[in-house]
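Let me show it here before I start looking things up.

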Amino acid sequence: SKVLSAARNGRDTFYCTNRFWGMREACQKSNTERWVRLFESFCDPPARVARPETYLFPEEVGQFNRESKQYASRSYILKPDDQSCGRGISLALDRSEAIRLGFQSNAVGKRGEDVVVQEYVDNPLLFRGRKFDLRLYVVITGVRNNQLQYAYEREWCFARIAGAKYAKPTRLNAGNLRVHLSNTTFAEDKEAAKQSAEAVLE
């Protein structure tokens, strides 16, 4: 979030906003992957940020087709590059289905939205049998000796809990995103889907 100081706006109130110039580009999933790869290339010795195998469709569909052949039973999750709230996300139970879904999304060989394809992590950490993610708001305050300095408010941190108990992807549940996504968009009770981050990590 961007904090606008009371001194600058001439009022006795501080304002906090989560919309700023360039935010759309910053939030595009393909750009996040490109920036992570760029960061990795700067490390000496080379380092790899822990994350599932990730491919950018359509530009890396050939690489995906070659490398995924050795993982016949691997599942994949496909995420539209420029959407949010879980819109357009789908699961593929094998490599051929991932490519087919990429074509259907107009991402491979057609003019359409790019798609990020990732290996699906089928043994995730669970909270009461459900998938979850953490929403943390962190402000980078500086860099010293190649170390980031940052600050955050614990009370602003929370966990988002999936709307249904987790099960490994199958033909029967692959279309039930409440099982596989922790986005509150799919929760029947959106408030109950949010928990204190500290409570979840106890």
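I call a residue buried under 20% relative accessible area, exposed over 50% and partly exposed in between, using a 1.4 Å probe and protein chains only. This is a predicted model, so I keep in mind that local features need pLDDT of at least 70, side-chain atom pairs count only at pLDDT 80 or more, and totals for chains, interfaces and linings use all residues. Residues are numbered from 1 along each chain as its sequence is written, and side-chain values use heavy atoms, with hydrogens and water left out.

Cysteines. I looked up Cys27 and found it exposed, at a relative accessible area of 52%. Cys157 is buried, with 9% relative accessibility. With a disulfide taken as a pair of cysteine sulfur atoms within 2.5 Å, I count zero disulfides.

The sheet. My strands are DSSP runs (E, at least two residues), numbered from the N terminus, and two of them pair if DSSP finds at least two bridges between them. An open, antiparallel sheet has three strands in the order E7-E10-E11. Its edges are E7 (132-135) and E11 (194-196), each pairing on one side only. E7 and E10 (residues 158-161) are joined antiparallel by four bridges, and I noted Asp133 with Arg160 of E10 as its bridge partner.

The hairpin. Next I followed E8 (residues 138-144), which pairs antiparallel with E9 over six bridges. Val143 sits opposite Leu148 in E9. Two residues separate E8 from E9 in this hairpin, and Asn145 in the turn has a positive phi of about 50°.

Is E9 (residues 147-152) largely in the open or buried? Zero of its six residues are buried, so E9 lies largely in the open.
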